[in-house]
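Hi everyone, thanks for coming.

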2 protein chains.
Amino acid sequence: MADIRTLNNWDTHKLPVGMSRRYEFGSYEETRQFLDDLASLSERTGYYPSLNFNRTQVTVRIQAEADDLGMVEYGFAAETDAILSHKVAA
Amino acid sequence: MADIRTLNNWDTHKLPVGMSRRYEFGSYEETRQFLDDLASLSERTGYYPSLNFNRTQVTVRIQAEADDLGMVEYGFAAETDAILSHKVAA
């Protein structure tokens, strides 16, 4: 499981409680690839964040089910970051 | 070209000038299929709206390039509606 201590690029929100991060891409193809990877992550984990995207930006918005963010939310955020860190390392 | 006079389910906005519509789906697979169809429409038209979605909802947000909505924007909205009307008729 990805390391949640590395979640330093995420903004946290109060109403509703949640966290979000915006990712920028060089082309629509890269944006689409990221969205496809996120779809697989959602299908694998059963967790579906709110996604806002246009041609070269994707904002992932994770809202707390209960009153507070928990392992499911932090885990999804860390695995979302891991999608891109694998690409940078690849 | 789809008929723009049928655009009665869209909300219009002032700041920034635009229009949006929310589509609801029965399953994540249907949501994904709609998003894939929208991606093809964007690649075909070269127009990329802002899309917000979660497991069963997609909100399409079309913002005016200039000060006002024009044929490109109305055309994209009408063709977005046409994606689903074909499915209902099919």
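I'll go through how the two chains meet.

First, the ground rules: this is a predicted model, where local features need pLDDT of at least 70 and side-chain atom pairs count only at pLDDT 80 or more, while totals for chains, interfaces and linings use all residues. Residues are numbered from 1 along each chain as its sequence is written, chains are lettered from A and ligands numbered from 1 in the order in which they are written, and side-chain values use heavy atoms, with hydrogens and water left out.

So, how many residues of chain B are in contact with chain A? There are 15, touching 15 residues of chain A, where contact means heavy atoms within 4.5 Å. The buried area is about 1400 Å², with carbon and sulfur atoms giving 55%; that is accessible area (1.4 Å probe) lost by two parts on being put together, summed over both. On the chain B side, B:Y28, B:Y48 and B:F53 lose the most, together 38% of what that side buries.

Now the charges. The rule finds 2 salt bridges across the interface, each a Lys or Arg side-chain nitrogen within 4 Å of an Asp or Glu carboxyl oxygen. In one of them, A:R32 meets B:D36, with the closest N and O atoms 3.0 Å apart.

Finally, the strands, which are DSSP E runs of at least two residues, numbered from the N terminus. β3 of chain A (residues 50-53) pairs with β3(B), antiparallel, over 3 bridges; pairing takes at least two DSSP bridges. Within that pairing, A:N52 has B:N52 as its bridge partner.

Notes: Helix = DSSP H or I, 4+ residues; strand = E, 2+ residues; numbered from the N terminus.
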